[in-house]
Every structure is written in C-alpha cells, then in structure tokens.
Amino acid sequence: MSAMAHEHEPLTQEERLLEGFLALDTPEGYRAELIEGDIVVTPPPDGDHEEHISSIAEQVYIRSATPMQFSGNKGLAVPRNSLSVRNHVIPDGTFAPKELRLFRGAEPWMPCQGVAMVVEVTSTNPDRDRRAKRLCYALGSIPLYLLIDRQKGSVTLFSEPEGGEYRHTSAVPYGKPIALPAPFSFDLETGDFV
C-alpha cells in the first residue's frame, strides 16, 4: 500500500500575516502588535509614560472596591471585525479581579474575557491609542478603557462596549479626578499627570 501525499491548502493572506507576526523576534524592550492588519513595533516607553502607569496601578491597588491584579504589557487576542484580521494588542496596563487569577498560566496572547480595564498612555502614535486600540478593546468587550492622552493633557474613560465601539465616554483634563465605576468604584486622581 502506498501513501498518498496530501496537498495542503495554501495559506490565506490573513493566515500568512498572522503566522509572520507570531514568528517575529523583536529586540529586547520592544513590543510587536497586530492592529487592524498592520504589524506595529513600539520602542520601550519613556520614564513619564511609566510614571503614569505606576500612579494608576498604585491607586487601583489601594482604592479599588474589588481587589485587582495588574499586568504591564500583557498580550491580548481580540476577535476580528469584518474589516481586519484577528488583532493581537498589548495594553500598557491590564487589570482583572484578583479572584479570577487570569494571568496565572495564561498564554502569551490570552483572550479578553474577565479583563476589567485596560490602560494606554499615548506616546509615539497617539491616534492609534485614540482610535484603533479603542476599537480593538471594544471588540474584545473589555468593560473599561482608560486613555491617558499626554498630547491633549486629558484622561478619557470609555465604557459600555457594544457592537465594536464604546457607548459612553467621560473625559477630564489633567488635575481633575475621573470616576472609575464598579468593580473599581473610586475617583482616580490625575494630579500626578500634570
């Protein structure tokens, strides 16, 4: 009996892009994301960027009504929309209720289920954080997206994801508190961002 060679279906353009993306070997400190069909490589953040993330994490740890876990730079696999491949994004910060232990044993690109809030601090391409990443997080049904916009000097909270977009937006200038709803249930102080 002879073995027949099975022909493999050629990879689609989407499959080739995803395969190439997942095989990337970025330099230390850099991070690669797949956002709306584009491979985006970002250099390490500056100190002010990290200070903003640190301030948010500290306030959440101390003041959140629900104990939270935090991960900086955790890969999230986001469902695709009709216009793009499946997105692979890395928020500057990801919060999840501690009781869920989402990060324990998670794959490098984990699903968004259970994530309570993601945080982005704008840097080299603020429009990507304002639009493309906002849409990715809404597609992933992440309840809250907190955007620290350094170019505009503002903090925006997007909430109530539905149909690939957030239905509610609340924004304040630096220095004013912004209300984080449940499960956080406290006013985030933004005076340190000034």
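## A walk through the model

Modeller: Valine 155 has valine 172 as its bridge partner in strand 11. Keep in mind that this is a predicted model.

Colleague: What sheet do they belong to, and in what order do the strands come?
Modeller: An open sheet of 6 strands, ordered 3-6-8-9-10-11. The pairing is mixed. Strand 3 (68–71) and strand 11 (165–173) are the edges, each pairing on one side only. From one strand to the next, the twist averages 20°.

Colleague: How do strand 8 and strand 9 run, parallel or antiparallel?
Modeller: Parallel, with 5 bridges between them. Methionine 117 stands opposite leucine 144 of strand 9.

Colleague: Why is strand 9 called largely enclosed?
Modeller: Because 6 of its 6 residues are buried, strand 9 is largely enclosed by the rest of the structure. Both of its faces are covered. Leu144, Leu146 and Ile148 are buried on one side, and Tyr145, Leu147 and Asp149 on the other.

Colleague: Which strands does helix 3 lie across?
Modeller: Strand 8, strand 9, strand 10 and strand 11. Its angle to strand 9 is about 165°.

Colleague: And helix 2, which strands does that lie across?
Modeller: Strand 3, strand 6 (93–97), strand 8 and strand 9 (144–149). Helix 2 runs at about 165° to strand 3.

Colleague: New topic: pockets. How much space lies in the largest pocket?
Modeller: About 300 Å³. Its lining has 24 residues. Nearest the centre lie Arg31, Thr42, His49, Asp92 and Ser123.

Colleague: What does threonine 42 touch?
Modeller: Leaving out residues up to four places away in sequence, threonine 42 touches Gly29, Tyr30, Arg31 and Glu33.

Colleague: And what separates threonine 42 from isoleucine 148?
Modeller: Their C-alpha atoms are separated by 17 Å. Along the chain, the two are 106 residues apart.

Conventions: Residues are numbered from 1 along each chain as its sequence is written. This is a predicted model: local features need pLDDT of at least 70, side-chain atom pairs count only at pLDDT 80 or more; totals for chains, interfaces and linings use all residues. Side-chain values use heavy atoms; hydrogens and water are left out. Contact means heavy atoms within 4.5 Å. On a 1 Å grid over the protein atoms alone, a cavity is a set of points where a 1.4 Å probe fits but cannot get out, and a pocket is an open set with protein on both sides within 12 Å along at least five of seven lines; lining residues have an atom within 4 Å of a point. Grid points are joined across faces, edges and corners, and a volume is the space filled by probe spheres set on the points. Two strands pair if DSSP finds at least two bridges between them. Helices (H or I, at least four residues) and strands (E, at least two) are DSSP runs, numbered from the N terminus. Axes are lines fitted to C-alpha atoms, for helices over the stretch in contact, and angles run from 0 to 180 degrees between N-to-C directions. Buried means under 20% relative accessible area, exposed over 50%, partly exposed in between (1.4 Å probe, protein chains only).
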